[in-house]
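This report describes the arrangement of chains, sheet, helices and core in one model. Please keep the structure open while reading.

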Amino acid sequence: MTLQMWTAALSKARDEWEEAAEGLNGPRKNLTQATPSLLGDRVGPAADAFLTTWEQRVLVLRNLASGHSDALAQTMFDFLLTDRESVQETQQLLMWQDRNTPPVSAVGP
Amino acid sequence: MTTIAVPAWLPREPEPQVQESASAVLTEVRAAATAVSDVAEWARANGAPADFSGNAADAADHAVTAFAADTDAVSVALERGALAIDAFLTQMRQRRNEHDALTERRQRLNGDREDLLQRIETATEDQVEALQADAAALRQRFESYHQDLQAWRDRVEADEDSAIRAFAAVDELAEGLAAAQDSTRADTAALAAELRTLGTDTDAVNTWWSGLSQSQRNALLISDPDLVGNTNGIPTGDRDEANRSGVQRDIEYLLGLQASGEDLSASEQRWLDNAQSIEKAAQQVSDSKWEGLGVNAFVMAYQPHAFGGDGIAAVAYGDPDTADHTAVYVPGIMQDGTYIDENGSQALNLYEETVNSMLSEDPPREGAVSTIAWIGYDSPNFNPESMWPWDLGDSAGDVSHTVTEANAEAGGVALSQFVDGLNSTHTDGDQPHLTVIGHSYGSTTSAYAAAGGMDADSLVLIGSPGASEGVHHASDLNMPAGQVFVGAADNDPVSWLGGEDGVLPGSGDDSLGLGQDPAQNDFGATVFAVDDGEEFHGPGGLVDTGFKQNHVNYFDDTNPALANMADVVSGNAGAVVDTGGRTQEAHDYLYDWTGDEVKDHVVDPIVETYEDVRDGVGDAVDGAKDARDDLWPDRWP
Amino acid sequence: MAVSTTVKRMRTTLLLLALTTALSTMLTACGASDEAGSSSRERVEASTTERAQEAIPLVSKALGATGAKATARWQSCMAISWRYEAFASLTAAAGDTAAQLDAVRAALTGAGYADDTQVDGHVTATRNDTTVDVQPSPIRGKRIWTVTVQSSCADYDGDDLDRVENDEDRPLDGM
C-alpha cells in the first residue's frame, strides 16, 4: 500500500465531509426562516417545536460533518501513525469503499 | 301587549388566521427536506450498502453509514412535517371558502332581521299573527346558522388537532429515527424510476400521478423536486410546489457559500442568477404595478443547469389547469433563464390586456386566463452590438448559431411537449383554448413545433425572421383554418430576414435557413396591424432603433399588436382585422433601406457638394451609381 | 443546387460580413449616430419623472379621480433593452368611457402632447422621448384606469446596466 492511496483517501473524505456540511447550511437557514405563527395560534407552537427540533439536529449534524472534515485535514499528512486506535478512528471517517486503506509505515533509511 | 321574539343580531365571525401566505412555511420546510434528502443520498452512496452482510459493528462504527441514518431520519421527519402542513393548508383553504359563504349568509340573515324589526315597529294588531310566524321562521334560520357556524368551528379545531398531532409525532429525534424505519415509507427511488419510464406520454403521467397517495406525492416531490417540477403531465400546482422548494434550496445553498466567504464560480453565479430570476418572476405579481391584477404565479419549469448553464425556466400567471384561455409566450434570441422575470412581465401585460378585452365586450365576457412565459429551448446568445465587422469574427460562431435551424427544431419539440402537458393537466374535461405566441427566434421555434403537429388552437408569430425551414404556406403549420396570425413592423429589421431566396441579390440559395417571412401576403396568414416603429439610419440606427426599439414594442400597451394578440388569446379572433400582409419580399425591405442609405448618405451629399461643378457632379453621381450597382444590382437575385 | 449546410452557413456569415463592411465603408463619412443611444440613464430618469409628474395629475383631473399613487422604475423592453416607466392606477369618477377618453386626450394635447393613439379605447400621447398611455383597466376594479409614462427603449452598459436590470419600485413624488 502506498502513501498516495492513504492521502488520496483522506483528501477525498475531507472534501466529501465538507460538502456535506455545506449541504446542511441551506436547510438550517430554511428552517430558521420559516414563520410558524402563519399557521395560527394553536398549530403555530406545535410547528415551532417541530422546526426547532430539526433545525437544531441539522446544526448538530452540520457540525459533526465539518468536524470530521477538520479532523481528516489534520490527519492528512500525519503518515507516521503507529497507534492502532488512531488509525482505526481515522479509517472510520473514510468513505465506505476506502475504509480498509491502511496508512503507510515509515520506512527507515 | 304582545311581544314578538326576534333573534339576536349575528356578530361577525373572525376570519381564520391561516391565510394563503402560510404556504411560505411549506416551501421552506420542503426546501430543507429536499436539501437534507440530497445529503442523505450522498451518505447512503458512500456508506455501507443496504445488503451488507459482514460484521454489523463495522458498519455501525463507520461514520458515513451512521450519518446516512441520521440525515435520513431528519429528512423523513421533515417530509412528514411537510405533508402535515400541506394537508392543513388545503383544509384551511376550504375553511376560508366556507367562512366566506357563512359570512354572506350572516349578512343576509341580519338584513332580514332588520326588515322584520321595521315591519314590527309599524305593525297593526291584525298583522301580529303573521309577524309571529315570520319571527318563528327567522328564529329557526338563525338557529340553523348557529349550528352550521359551530360545526364549522369544530371542523377548524379538528383540522388544527390533526396538524398538531402530526407534528407531535415527529418532533423528537427518536421519532424521526422510527419514521425512517417505517416499512410503509414511500419508495421514492422506485416512484421516480416509474415516472421516468412514462417519458413524454403526458396523459399517462397525469393518470399515474393522480393514482398516487398524497403521502407518496409529497415524498417524491421532496426527494426529486427537479423531476416532479419539470415533467410535462404533472399538474401545474404540484410542479409549482416542487420547483419553488428547489429554487429555495438552491438559493440558500449558494448564498450560504457566499456568506462563508467563498467566491462563487462563474457557473455558480449563473446558477444563482437563474434561481433568483425565477423567484423574482413569481414574486412580481405583488409589485405595485401588478398587484392590482390579483393573479397568482406558478413556477412551471426550473432547470438552472440546462444548456450549459443558460437555464430553462417557465412561469404561469393564472392557473393553466383551470383557465378557459391559455397563452404560451416563447421569447427570442438572447433569452435564457436569467431573463424569465422580464419575459414574465410581458406575460403579465398580455394577461391584463386579455382579461380587459373580455370585460370590455358587450356584454362583458367572463373567463379565466393564464399567460405563460416559457424559456424551454436553447436560444442563441447573439449580441447585436457585435455586428461591426471587427467584432463579427468573434461572434461569428453565435451568428451562425442564430442562422442555423437545429436549435429551433429541437426547441419546437420541447415546446410541443410542454403544450401536450398543458392539454393533459387541464381539469374540467376539456382541453384549454390554447394560443402559442412566438417572438423573434421564438417564432421560428413555435413554427417548427406547429409544423411538427403541436396541439394548439392558435399560433401568433411576431417579429419573425422566418416561419421555419420547409414551411412555404400557413397551411403547412397544421393549425386549424384561419388560426395563424402574424405581426411584423415594417421597421423591424429582424422581420426583414425571412425568405426562401437569398439575403443578397445574385447570390443563389443563401437564405438564413429560418424559413419564409410569414408576413408575406401569399403566405396565407392573418397579418394584423402593428405599430411600424421608427425609421432609422446607419448601422447604429439598425441596432439602437431597429433592433432595440422596433423589434421589441409588440407588447406595448400603445401597440395595436397587443390588442390583436389579446383578441386571439381570448378566443375573439374574429375581431382581428387582416391587413393583407406584405406584397414585397422581406429582403426587399432590407434592400430598400440600404439603397436609401446609399442614396441619402453617398449620392445626395456628393450632388450637393459638387453641384457648382457640373461635369464633376455628373461624373461623381455616375461614379457613385456605378459603385452602388456593382454591389447591389437593380433587382433580386 | 445542392449546397451543404456548413458551406451555406459559412457563406451566410461571410455575406453578412460583406454587407456590414460595405455599409460601414459607405457610411463612415456621414458619421452615423443617433439620439437614443446617447441618452444617459440619469437624464432619462429625470425627464421621464418630470413628464410623469406633469401628466399623471392632468389625467387624474380629467378623469375626476381623487388622488393618484404612482411608482416608477426601470422596466425591460421584451428583455432586450430598457425603458424608465412611471405607473399609476386611478379610480375615475363614474362616466361614459368615450367621453372620459376625450377628456384625457384634450387635457394632454392641451398641455403640449401630441395625440399618437393607435388603439381604440386608449389615449396615447407623446412629447419628445416620452410616451403617455391611458386606458381603463376593469380587471383591477370598477372604474380603475391606468396611466403609464415611458421613455423610449435603449441599451445601457456597466454600472448603468446593473442599475436598470435590478431596479425596484420607488414612489413618484408630487402626486
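How many of the residues of helix α16 (residues 441-451) of chain B are buried? The helix is mostly covered, with 11 of its 11 residues buried. Among them are Y441(B), T444(B), Y448(B) and A451(B). Just after α16(B), G453(B) takes a positive phi of about 105°. The model is a predicted one.

**The sheet of chain B**

Eight strands of chain B form an open sheet with mixed pairing, in the order β1-β2-β4-β3-β5-β6-β7-β8. At the edges stand β1 and β8 (526-527) of chain B; each has a single partner strand, so one side of each is left without a neighbour in the sheet. Although β1(B) is an edge strand, six of the seven residues of this strand (residues 297-303) are buried.

Strands of a sheet pair through backbone hydrogen bonds, in a parallel or an antiparallel sense.

| Strand pair | Sense | Bridges | Facing residues |
|---|---|---|---|
| β3 (residues 325-330) and β5 (residues 433-439) of chain B | parallel | six bridges | A327(B) with T435(B) |

**Contact between chains B and A**

The contact takes 45 residues from chain B and 36 residues from chain A. On the side of chain B that touches chain A, the elements giving two or more residues are α1 (23-46), α3 (63-121), α4 (128-169) and α10 (236-259) of chain B. The largest share comes from α1(B), with 12 residues. By class, this side of chain B has 26 nonpolar, 10 polar and nine charged residues.

Helix α4(B) can be checked for its length. At 1.5 Å a residue, its 42 residues should span 62 Å, and the end C-alpha atoms are 61 Å apart, which agrees. The buried residues of α4(B) are A135(B), F142(B), V156(B), D159(B), E160(B), A163(B), I164(B), A166(B) and F167(B). These buried residues pack against α2 (40-75) of chain A together with α3 of chain B.

**The largest nonpolar core**

In soluble globular proteins, nonpolar side chains tend to be buried together. The largest nonpolar core in this model has 215 residues, and those that touch the most other members are V36(B), I278(B), V315(B), Y329(B), I372(B), L459(B) and V59(C). Helix α3(B) gives the most to this core, with 16 residues. At least three residues of the core come from each of domain 1 (20-181) and domain 2 (313-580) of chain B.

Which residues is V36(B) in contact with, leaving aside its neighbours within four places in sequence? In chain A they are L24(A), P27(A) and V58(A), and in chain B they are T71(B), V74(B), S75(B) and L78(B).

**Chain C**

Chain C contains five helices and seven strands. Along the sequence they follow the pattern α-α-α-β-β-α-β-β-β-β-α-β. Of the 175 residues of chain C, 42% count as buried. Among contacts in chain C between residues at least 6 apart in sequence, 60% join residues at least 24 apart. V59(C) is one of the residues that touch the most other members of the largest nonpolar core.

Terms used: Residues numbered from 1 in each chain as written. Chains lettered and ligands numbered in written order. Predicted model: local features only at pLDDT ≥ 70, side-chain atom pairs only at ≥ 80, totals over all residues. Buried ≥ 20, exposed ≤ 12 C-beta atoms within 10 Å, placed from the backbone. Helix = DSSP H or I, 4+ residues; strand = E, 2+ residues; numbered from the N terminus. Contact = placed C-beta atoms within 7 Å. Nonpolar A, V, L, I, M, F, W, Y, C, P; charged D, E, K, R; others polar. Core = buried A, V, L, I, M, F, W, Y, C linked by C-beta atoms within 7 Å. Domains from an automatic or database assignment. Expected span 1.5 Å × (residues − 1). Pairing = 2+ DSSP bridges.
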